[in-house]
Amino acid sequence: MSEASDITLWLDSARNGDRAALDRVLSTLYQELHTMARRQLSGQHGHTLDATALVHESYLKLIGSGANARFEDRAHFFAYAASSMRSVVVDYARSRLARKRGGDLKRVADIPEDVEGPIRMDETLLALNDGLDKLAAADERLAKVVELRYFAGLSELEIAELMQRSERSIRRDWQKARLFLMATMQED
């Protein structure tokens, strides 16, 4: 049996409330999650949030959701992981900026085309998070593409495979989402 089919079976068991199956999924995919986190946090020196802490905090959010942690497939799992990482990073940035500047946040409109670099822990991240909430209300699929690309650090090809869509469609979704987010961030 392949690892992919094992994960699918474990996800099915986890969906039915088997916590041990969820733990097996997480331990099997831990290295992939850690790689995603490390890629996003690279270049963030002097911060207490590192890749291991990001993965562990995301895991705690995942298991903390209790019975709500239900995954249809690998794509759904990674989408949830990206969302959890987003939540952890945004909470960290909010806390850090509140301590640094007394909570006075300034909006900056900048969503880079190339997201190969690290996530910046600054006002832009918080503005992006707010914009992403608005985007999710307008188009959940576009918001998921942004989470997977920006917060999980996946390529357009990886996202296309996870979402079972063409790479070209994902590229178009990424462009639409960036335009929406930049417009939203400039309004604030």
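Q: Which cut-off defines a contact here?

A: Contact means heavy atoms within 4.5 Å. This is a predicted model, where local features need pLDDT of at least 70, side-chain atom pairs count only at pLDDT 80 or more, and totals for chains, interfaces and linings use all residues. Residues are numbered from 1 along each chain as its sequence is written, and side-chain values use heavy atoms, leaving out hydrogens and water.

Q: Which residues of helix 5 and helix 8 meet?

A: Helices are DSSP runs of H or I with at least four residues, numbered from the N terminus. From helix 5, Thr124, Ala127, Leu128, Gly131, Leu132, Lys134, Leu135 and Ala138 meet Ala177, Phe180, Leu181, Thr184 and Met185 of helix 8.

Q: At what angle do the axes of helix 5 and helix 8 cross?

A: Two packed helices are described by the angle between their axes and the distance between the axes. Axes are lines fitted to C-alpha atoms over the stretch in contact, with angles from 0 to 180 degrees between N-to-C directions. Here helix 5 (residues 123-138) and helix 8 (residues 167-187) cross at roughly 120°, their axes coming within 9 Å.

Q: Is threonine 52 buried, partly exposed or exposed?

A: Buried means under 20% relative accessible area, exposed over 50%, and partly exposed in between, using a 1.4 Å probe and protein chains only. Threonine 52 has 31%, so this residue is partly exposed. Threonine 52 lies in helix 3 (residues 51-64) and touches Tyr30 and His34, not counting residues up to four places away in sequence.

Q: What lies over the face of tryptophan 174?

A: A charge sits over a ring if NZ of Lys or CZ of Arg is within 6 Å of the ring centre and within 35 degrees of the ring normal. In this model, arginine 149 takes that place, at 4.9 Å from the ring centre of tryptophan 174.

Key: Helices (H or I, at least four residues) and strands (E, at least two) are DSSP runs, numbered from the N terminus.
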